[in-house]
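The sequence and structure go in here before my notes.

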Amino acid sequence: MEIIVWEALKELKEEGYDISGFAEIKDYYLDKNGVLVIEQERCEDFGECDSYDFEKLREELEVVGKKLIEDYNIELRDIREGNCAYSDEGNGKLKIFDFGLSSSTDIFAYDGYSCCNESYKSY
């Protein structure tokens, strides 16, 4: 899900939209065991984020969020302080690192973790 959102965000960036409020996904691949690995910009939680920074981030994401809905039917629904941290890569900007898709997004049927094999539920 994160990769689908990230690819849409990169297209919006090419159109001139500011996606700097999202922690960059630098690479993704399958490891030798076939497990998906996502390398993302490093962000650190330095305690609770500043409420001013969080409101500023929400305002920035609102513009991109509307465009994601219009063009891709992707709705960001989990923008909350627990999914944000400050960038550790030079600029110290508050960024969202968990792009949290809505379960009502029509990209494909998304059932959350309830669809997993019973043996995985205990992990």
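My entries below cover a helix pair, a surface patch and some salt bridges.

Entry 1, ground rules. I'm working from a predicted model, and I keep that in mind throughout.

I looked up how helix H1 (residues 2–14) sits against helix H2 (residues 51–72): their axes are 11 Å apart, and the packing angle is about 105°. Next I asked which residues of H1 and H2 make the contact. From H1 I got Ala8, Leu9, Glu11 and Leu12, and from H2 Val64, Lys67, Leu68, Asp71 and Tyr72. Sorting the residues of this contact, I noted 6 nonpolar, 3 charged and no polar.

I found a nonpolar patch of about 370 Å², made by Tyr28, Leu30, Leu36 and Ile38. Strand E1 (25–30) and strand E2 (36–40) each give two or more residues to the patch. I checked Ile38 too, and it lies in strand E2.

How many salt bridges does a search of the whole structure find? I wrote down 7. I picked out Glu7 with Lys10, where the closest N and O atoms are 3.3 Å apart. Glu7 and Lys10 are 3 residues apart in helix H1, so about one helical turn separates them. A reminder to myself: side chains of opposite charge can pair when their charged atoms come close.

Key. Residues are numbered from 1 along each chain as its sequence is written. This is a predicted model: local features need pLDDT of at least 70, side-chain atom pairs count only at pLDDT 80 or more; totals for chains, interfaces and linings use all residues. Side-chain values use heavy atoms; hydrogens and water are left out. Axes are lines fitted to C-alpha atoms, for helices over the stretch in contact, and angles run from 0 to 180 degrees between N-to-C directions. Helices (H or I, at least four residues) and strands (E, at least two) are DSSP runs, numbered from the N terminus. Contact means heavy atoms within 4.5 Å. Ala, Val, Leu, Ile, Met, Phe, Trp, Tyr, Cys and Pro count as nonpolar, Asp, Glu, Lys and Arg as charged, and the others, Gly among them, as polar. Patches are made of residues with over 30% relative accessible area and no salt bridge: like charges are joined within 9 Å, nonpolar side chains (Val, Leu, Ile, Met, Phe, Trp, Tyr) within 5 Å. Accessible areas come from the Shrake-Rupley method with a 1.4 Å probe; for residues, only the protein chains shown count as cover. A salt bridge is a side-chain nitrogen of Lys or Arg within 4 Å of a carboxyl oxygen of Asp or Glu.
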